[in-house]
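Subject: Structure handover

Hello,

I am passing this structure on to you. Please look it over first; my notes on it follow below.

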Amino acid sequence: APSTDTAVGAPVPACTYDECAAPGACPEPQRCTDPHVESPGNWECACPLSPGVRGVGEAAACPVDECADAGNARVCQAAGQLCVDDGRADGLGNWECHCGPLADGAPGVTRAAACSTRGECGDDAHAAVCAGAGQACFDPDVAAEGDWVCVCVGSVGEPAVGKPATCGIDECVANGRVCAAADQECRDADTSPLSAGDWACHCVAPQTGTHAVAGPAACAEVTPVPAAGTQAPGARVDECGANGLTCTQAEQQCVDPDFGVAGDWQCRCWRDASKASVRAPVPGCADPTPAPAGTTLAPGATLAPGATAVPGTMAPGTTMAPGATLA
């Protein structure tokens with residue numbers, strides 16, 4: 001866009017050109033930024049879900065996940081297979097169906113793969129039970145009868161004998177590339193089928209920052225903290241830049257409550273920020289694991305420390321370990 005800078009009675013010392021002010025500088029929904037307004041031809045277009053993918057002076061080549069198309073995904077799911085796409089904007093029409101776990105076969109491009117079958121899964125009726133739920137059939141022992149199982153594909157859950165498994169949904173399978181494009185890590189806090197939209201991008205050391213739900217986090221690499229006692233008076237340093245890995249390796253978050261104070265960084269539990277430990281991971285940070293609604297604990301069963309049955313009943317003879325609760 002032409003500069004509107006003016007100077008009275010003299011040339012303008014340095015004209016600025018905010019090229020993002022020009023209509024259509026970037027196509028929707030891409031985001032336009034002009035990092036150097038003092039010179040033309042260097043505006044940038046960034047992809048909304050992959051901000052690391054940019055085009056300088058032109059539209060960005062944003063990734064396109066063809067498996068997000070319900071029709072494509074259904075082709076694979078109907079065969080108990082997983083839809084996979086490389087996400088390249090210039091690679092349309094190359095999505096693939098991949099065999100489920102414990103099965104072999106070359107991927108099928110825009111069609112179901114020809115996957116190996118063994119034992120009872122060679123029976124079309126058995127295979128159809130699993131495929132109808134978007135799962136794969138597997139026979140762990142071809143010499144035994146009635147032990148074939150349905151296995152979750154692209155999700156999490158225990159195999160079920162002779163029937164579809166109860167599978168959770170790891171949303172990072174579909175959304176992980178959003179985080180990866182920003183050099184971050186995707187985590188799904190709850191893989192229950194009833195929980196959706198809670199996947200999050202987490203900063204990866206040496207970068208730090210608060211995780212973001214359903215999108216890239218605002219991460220930054222900070223100046224490492226000086227050795228103890230050498231921080232200059234008045235200096236403000238995020239100590240998580242040098243120490244964050246200590247927390248992230250324990251699947252906890254690093255927080256520096258005061259950039260002006262040396263040695264006060266903390267590791268905190270993700271789901272319970274009240275649990276914190278200064279300069280070390282929090283011991284016993286695991287989240288309680290709820291049992292399904294209506295759970296009945298059998299006689300002699302023991303509920304592990306920190307576990308919660310929600311809601312449930314306790315059969316005679318059931319014992320509860322210290323720290324366990326029954327809602």
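A pocket, as the word is used here, is an open set of grid points where a 1.4 Å probe fits, with protein on both sides within 12 Å along at least five of seven lines. The model is a predicted one.

The second largest pocket holds about 560 Å³ of space. It is lined by 23 residues, and Arg187, Ala189, His202, Glu251 and Trp270 are the closest to its centre. Strand E10 (185-188), strand E11 (199-202) and helix H4 (240-248) are the elements that each give two or more residues to this lining. E10 has the largest share, at three residues. By type, the lining of the second largest pocket divides into 12 nonpolar, four polar and seven charged residues.

The largest pocket has a volume of about 780 Å³. Its lining consists of 34 residues, with Asp65, Cys67, Val173, Ala174 and Asn175 nearest the centre. At least two lining residues come from each of helix H1 (70-77), strand E4 (82-84) and helix H3 (172-180). H3 contributes the most to the lining of the largest pocket, namely five residues. Sorted by type, this lining has 21 nonpolar, eight polar and five charged residues.

One residue has its own entry in my notes. Asp256 sits in the loop between strand E15 (253-255) and strand E16 (266-268). Is Asp256 buried or exposed? The relative accessible area of Asp256 is 8%, and buried means under 20%, so Asp256 counts as buried. Which backbone atom does the side chain of Asp256 reach? The answer is the backbone nitrogen of Glu239, at 2.8 Å. Leaving out residues up to four places away in sequence, Asp256 touches Val237, Asp238, Glu239, Cys240, Val261, Asp264 and Trp265.

Last, the chain as a whole. Its secondary structure comes to four helices and 24 strands. Of the 327 residues in the chain, 33% are buried. Among contacts with a separation of 6 or more, 20% are between residues 24 or more positions apart. The chain exposes about 18000 Å², and carbon and sulfur atoms supply 57% of that area.

Regards

How values were computed
Residues numbered from 1 in each chain as written. Predicted model: local features only at pLDDT ≥ 70, side-chain atom pairs only at ≥ 80, totals over all residues. Heavy atoms only, no water. Buried < 20%, exposed > 50% of the residue type's maximum accessible area, 1.4 Å probe, protein only. Polar contact = N/O pair within 3.5 Å; in protein donor to acceptor, adjacent residues only side chain to side chain. Contact = heavy atoms within 4.5 Å. 1 Å grid on protein atoms, 1.4 Å probe; cavity = no way out; pocket = protein on both sides within 12 Å on 5 of 7 lines; lining within 4 Å. Points joined across faces, edges and corners; volume = space filled by probe spheres on them. Nonpolar A, V, L, I, M, F, W, Y, C, P; charged D, E, K, R; others polar. Areas by Shrake-Rupley, 256 points an atom, 1.4 Å probe, with all protein chains shown as cover.
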